[in-house]
Each structure stands twice: as C-alpha cells, then as structure tokens.
Amino acid sequence: MVQKKICMLGAFAVGKTSLVERFVNRVFSEKYLTTIGVKIDKKTLSVDGKEVSLLVWDIYGEDEFQKLRASYLRGSSGYILVADGTRRLTLETAMALSKTAEEHLGKVPFVLVVNKADLSAEWEIDENVLAGLSARGWLITRGSAKTGQGVEEIFLTLAERILELDR
Amino acid sequence: MQPNRLLMSENMLPDLLSALDIVILERLEEEDSFRIVATPPQWIGQFFPEGTVPETRVQPASIFPFLQHFLFDADHSWSRKDPRPLRSGPWTEHDSTGTPLHFEATAVTTHGHRLLMIEKLGEEYLEWHAILQQARERSLQHGRELVGHRQFQAKLGGMLDESEKTRDDLLSILNQLRVPIFMTDAQGCVSFVSQQCQQLLGRPQEQVLGTSWEQVCHFRKEEKALLQQMILATPDDRERIPLHLQVPGGKSHWIEIDVKDDPRDPERKMFFIHDMTEIYDLRRSLKEKAKFHDLTGKSKAMEMVYTRVSQVALVDTTVLIGGETGTGKELIAKAIHFSSSRKNNPFVAVNCAGLTDSLLGSQLFGHKRGAFTGATEDHRGFFETANEGTIFLDEIGDMPLTVQASLLRVLQEKEILRLGESKPRKVNVRVIAATNKDLNEEVARGNFRADLLYRIRVARIDLPPLRERREDIPLLLESFLSQTRATGGKQVQEVSAEAMQRLVRYPWPGNVRELKSAVEFSVIHCPGAVIQVTDLPPEILDPTGAYLPDISFISDQKERVLIALERAQGNRVAAARLLGISRATLYRRLASLGIPTES
C-alpha cells in the first residue's frame, strides 16, 4: 500500500484539526482546541481501486506565537491550505503559506479549502478574490468541518492529484 | 578532601529517566538502528507489539512517523564537529487507547555517543497549551469584535448615507417650496438657512450660519421684542406675526413669520418666513384706490365722483353737491377743498336748515353791535371766517329766500355786508353747496331763487345712494371697524358671511351714515371678534320690513321693484301692494325691467 504524507496548513483556528477529525474519525467538536506542534493521523483511502494510506500532518496554525518550521514540510506529497471564510485575513495567511510550501516542496498538488461554509452569511472573503485564485490554477473548495460538507472530496481530490503525479 | 561527587548507581539512571518521562536511544552504526539506553519508562511499551520493548535494536521512525524526517536533521547534527542539541519541537500521537500523548525529541552527542532523547511532555506542555489557547481565544474574540465593529460601522455608514440622502431630498423640497426657512440652535444662532432665505436676507449662508438671528434679521426694536415673545411662547400661544424686515442695500420686505419648535428638540426653533411684500403693496394700492381723502368706495359710481372732485378741485367755481341724506356730501366738500389751492386756508361748514333768516344771515355774514336785540358786540360771520378758504353750505334748499338774496350778492360781488352795516367787506371765499332736494322743483314752487341756482350749480357732483353701490359696503364696513378699533373700542375684527349678506342686501335709506350707525350698534352688541347676524340692528334683521322705511322714496324704479319683491319674499301680489300698484301693472313693469315674472 502506498503511503503519502500531506500537510494541513493555515492560520490558527481556521479548522485544520476539525477537518482532519471529520475526515479521520467523522466527528466534530464546537470547542476550539489549539494545536501545538504537529498532530499526526492516518487514514486509508481507495483511489481508483488503489489503496493509499494518507499520513496527515496537522501542523499548528501560523500566528505571531508559532511560525511554520519548514522541516515539517519535508517529504510531503501535497498539502491542504485552509482558510476561514468568516475571516478575510486567513486567506492572506494561506496564500503566504502556499508560497513557503512551494519554496520547500516545489510544485506539489494542493487544495485550498475555504472552511465554515455553514456560516456563509458571515463570510468576509470576497468571491472575486477566490475567482482570481481559480484563474491562477488553484483548486478551491468550500467546505464545512461542522456539517462535513466537501470534507471527503478535499482529501480524495488531493490524493488523486498526488497519485496522478506518480503515474 | 575528595569532592562530593555523585556516583550513579545501577538503578539510578532508569529511575531518573522514568521520573523525567524520557526514553534515551543511542544511534548504532547500522543505519536506522538504535538501542535503548537503560530501562525506559513504561509508557514506551505501548508503542511496541504486546508492550514488549526490544532490548537490542529499535527503529524509532517506525514507532513515531514524526521522527522520520527529524532523524534526517539529527544525522546532520550528529555529524557536525561541534554538535549542538537539536530539538524536534512537540508532536502528538495517539496511544493504543486513542489517548493523545505529546512528545518532543532532542538529538545530542555526548562522549562520541549519538543520543536521541524522546520526552513525553507533561504538565509544562499543558500549561503552555493553556496559555496559547487563551491567547488565541482572545485573539479570536478580538477579531469577532472587530468584525462586529466593522459591520456596525458599515451599517452606520449606510444609515448616514441614507440620512444624508433624505436630508438632501428634504433640502431640495424646501428650496422648491419657495418658503424661506431658517433654524436656530438652543443659543438662538442660525444652524440652517434655506436658499430662499439666503436670497430674502440678501446674505450667503457663510455670513448667516452660527450668527444670532437678531444679527441676521434686522427688525425694529418693538418688532424684535414681539418675535422674541413668540419664540418664548408655547406652541399653542404662537401666531403668525407681521414684521418689516430690513435687508442690505436699503431694501425691505413685509414678511410674516411662523415660529415652530424642532420636533426633536424644542430648544431649537424653525422660522418659516412668508414674504408678503407683494401682497402688502397690492393691498396698499387697492386701499389707495378705494379711498379718496376720507371717502371710501371703489365702485364705478364712486370712481366717477372721485374724478369729478379732482376736476372741480382744479378750478375755483361754486359747486353743488346732490345726494340723499347720509351719502357723505360734506366729505365731498372737504375733499374738494383739501384738493384745491385753498387747502391751507379755512374750511367752514354751515347747515342752512332750521334757522330763521335773520339768525342764518347773521351767522353767515356777521352783524354790527346793536344791529338787533341781543347783538351786544360786533360779530364776524362765517364768510369772513372762511376768507381765502371754502364755505360749505349744507341743505341749501332750506335756506330762507332773504338769505338767498344776500348769498347771491356775495357770489356776484365777492363782498358781504354785515347786518347793521352799510359798507360791504371784500371776501374771497369758494362756495360749495349741498342739498338732498330737487332744487328745480323748489324753484318751480317758488322756494328757491332760480338765479342763485344757476350761480351755484356751475359745477355739479351727484353722490349715489349706498344701495346703488353695494359693492362698497364691505370696504366701508372694514373702514368703520378699523376706526372703532383705532379709537380703543372693542377689538371686533370682521363680519360673518351671513351678517355681511344681510348688510349688503339691506336698502340703506339712511345711506353711509346709517351704515356707520349700524356698525357702531353691532360692535356694541358683538360679544366676540366677529359680528354675527344676531348682533345687527333690528331693522336689518326684521324680514317683515316693519322697521323698514317706505320704499316709495327710492328713485330707481328697478331697485324699488326688486326691494318690494325681496320684502314680499317673492310674492307678486304682496309686492304689488307694497308698491301701491295693481298685480297686472306689476307684471307689466317686471317685463319691461327685464325681471322674471315668475318667482
């Protein structure tokens, strides 16, 4: 079975851990628990009939207290950028992290998840900005760890892209 | 003495590692292999099959995937000449029960041994976590508050935009309304002034805003006090007040001001200015047109009278004024006098009726002491008093014939002869006579000298009876009411519509004099500010005509017939009886006068 490391990157409290929890354990907690360092989880997926074990590195959220250690990215086949739809600045953090990741990993597959789709009425992120990123080739999905909307698809899509590169 | 060195016993290291929750692994020469140094803490057993920790070789990267890439960095660190401890940073793994456990690895080199220490993080980590958790929650809360503030700010901005739009709309409406408006704050300073108001005041808003209204609006002292009184009054007690506004450039406006409270703050006032200048000018011009000296009326008949008065005032001839009693003949005489070149000299009015010839002769021409019994001293007559001026001889038709002869001599010779004197005295007097009689008839009856008649009626003015100029009645009423108010009597302002109708329809046999008397009667009986029908004199109220005088005196046939019909309430038989003619004659007369024969 193929094993692939992927990283969850994003500002703090955007829902990285919640997305992983929803993906791995199918649970969601309203309580926010910050992550220190790295949390590692595993999940096996079937992509085009092929089993693939995803080693998910849930890396702490970037802010003034914790900056991303580039060594955590080493060996990652792809990454998921997470932004909080209700906080405009988290998209800017995601864009900056994407740049850092590309510097260390080169052009590997990634997906931008705009989380908290269940709070779309409170969204601050401008759709035009997202449309601009799409135009640059970014794969963008709107998801919700709370409702589970789009979560499986995010990981599956990234896994597909990673495996496509192996062929 | 030997230094007190701590010697580690065989069990001491495992106890220490257990107490610190640290596992120490030593890098073996074989790649990827480590051996566990001393007895490790028990928790490490959870990560091995069946909880058995191998004594020989272990591969930590297979236990902890996190270490897979850290060992790459650690190898670099160990191979350095001056290796320094390299920390992995914390990571979290779940044990076999799913409980999260937190670790941190450190690569160190000591005495040529390459060691990897894996520490299970405990309370310090949890404290650190709690601090970071709190800091981030605060940061999130702050962010939410910022969003809330931004949303509130946006909402306020929207409301402000909406409010400004409404304000602009209202301003446009105000400016379109063409009503000059200004507002003052609690200190009486102008806080808003409409474009119309700026134009009226003759000042741009820069000169007006923030300035006291008293400096902006130039009124007379008493007017300013009146406006101040209105500002301080309660809304119910306020009324629109007329003022005379002086503006730069010497111009002025007749205005009326309504003072209102700002509904949101009664301390702030709104001033609605109504520019009445045009109306005032029109009213003044109408009044000027409606009044000629003390004469009131704008009917065609009166306009003809005014024209005739103006004409005869230019010449110095005698004038005969005809007209029913009470039509204002003396006023005409005065108007002629005061319009003539004699206006600065005496005007003497004499009533010729009811006096004996000697008494009237004495009064007119004077007498010498002893001329008759009781003439104790010399007396100057009215003609001498009126020298260089005008004498008005009212009711000249009643003048005794002997006096008529004397008067004729005065007119012919321009001199008078006092009773008892033989030497005439020169006088320069203009004679204006008046009568309500038909002097031609009086001449025919031998009561009036024809030569005198020809002499006095060089110029003639006939005054129309009031019933022939009913349109002047409202003007006359207004004039009499204002006279009443001016003399400090009751403040009666106007006449009700119904009362006015009665007054206009009444035939007024006593003419203007009777109207004036009726107004005085009504004012006395009027309890309020408006004269009602019930306040009118009984002769005007009584529909039976019991108080009305005989209609036979009415010279105009159509007028007489119409009054008879009115008094008879349209009953032709009764009207014929009032007129003293047969019903058939009445019908013929109605047809000839163009009056409908049916009621």
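Two residues are said to be in contact if their C-beta atoms, placed from the backbone, lie within 7 Å. Keep that in mind as you look around, and remember that this is a predicted model.

Leaving aside its neighbours within four places in sequence, Cys7(A) is in contact with Trp57(A), Ile59(A), Tyr72(A), Leu73(A), Ser76(A) and Tyr79(A). Cys7(A) also belongs to the largest nonpolar core, a set of 60 residues. Those with the most contacts inside this core are Cys7(A), Met8(A), Ile80(A), Leu81(A), Val82(A) and Val113(A). Which helix gives the largest share of this core? Helix H4 (residues 151–166) of chain A does, with six residues. Apart from this core lies another, of 42 residues, and Leu295(B), Leu320(B), Phe365(B) and Leu463(B) are among them.

Next, see where the two chains meet. Here 18 residues of chain A are in contact with 19 residues of chain B. On the side of chain A that touches chain B, strand S2 (residues 38–47) of chain A gives the most, with three residues. That side of chain A is made up of nine nonpolar, four polar and five charged residues. S2(A) also pairs with strand S3 (residues 86–94) of chain B, in the parallel sense and over two bridges. In S3(B), Thr92(B) is the residue that stands opposite Lys39(A).

| Helix | Residues | Number of residues | Reach, first to last C-alpha | Expected at 1.5 Å a residue |
|---|---|---|---|---|
| H14(B) | 401–413 | 13 residues | 18 Å | 18 Å |
| H19(B) | 511–525 | 15 residues | 21 Å | 21 Å |

In H14(B), Val403(B), Ser406(B), Leu407(B) and Val410(B) are buried. They lie on the same side of H14(B) because they cover an arc of only 100° around the axis. What do the buried residues of H14(B) pack against? Their partners in chain B are helix H12 (357–365), helix H13 (382–385), strand S18 (415–416) and helix H16 (450–456). On the other side of H14(B), Leu401(B), Gln412(B) and Glu413(B) are exposed. Lys414(B) follows H14(B), and its phi is positive, near 60°.

In H19(B), the buried residues are Asn511(B), Val512(B), Glu514(B), Leu515(B), Ala518(B), Val519(B) and Ser522(B). These cover an arc of only 155° around the axis, so they lie on the same side of H19(B).

Technical notes:
Residues numbered from 1 in each chain as written. Chains lettered and ligands numbered in written order. Predicted model: local features only at pLDDT ≥ 70, side-chain atom pairs only at ≥ 80, totals over all residues. Helix = DSSP H or I, 4+ residues; strand = E, 2+ residues; numbered from the N terminus. Expected span 1.5 Å × (residues − 1). Buried ≥ 20, exposed ≤ 12 C-beta atoms within 10 Å, placed from the backbone. Arc of directions from axis to C-beta. Core = buried A, V, L, I, M, F, W, Y, C linked by C-beta atoms within 7 Å. Nonpolar A, V, L, I, M, F, W, Y, C, P; charged D, E, K, R; others polar. Pairing = 2+ DSSP bridges.
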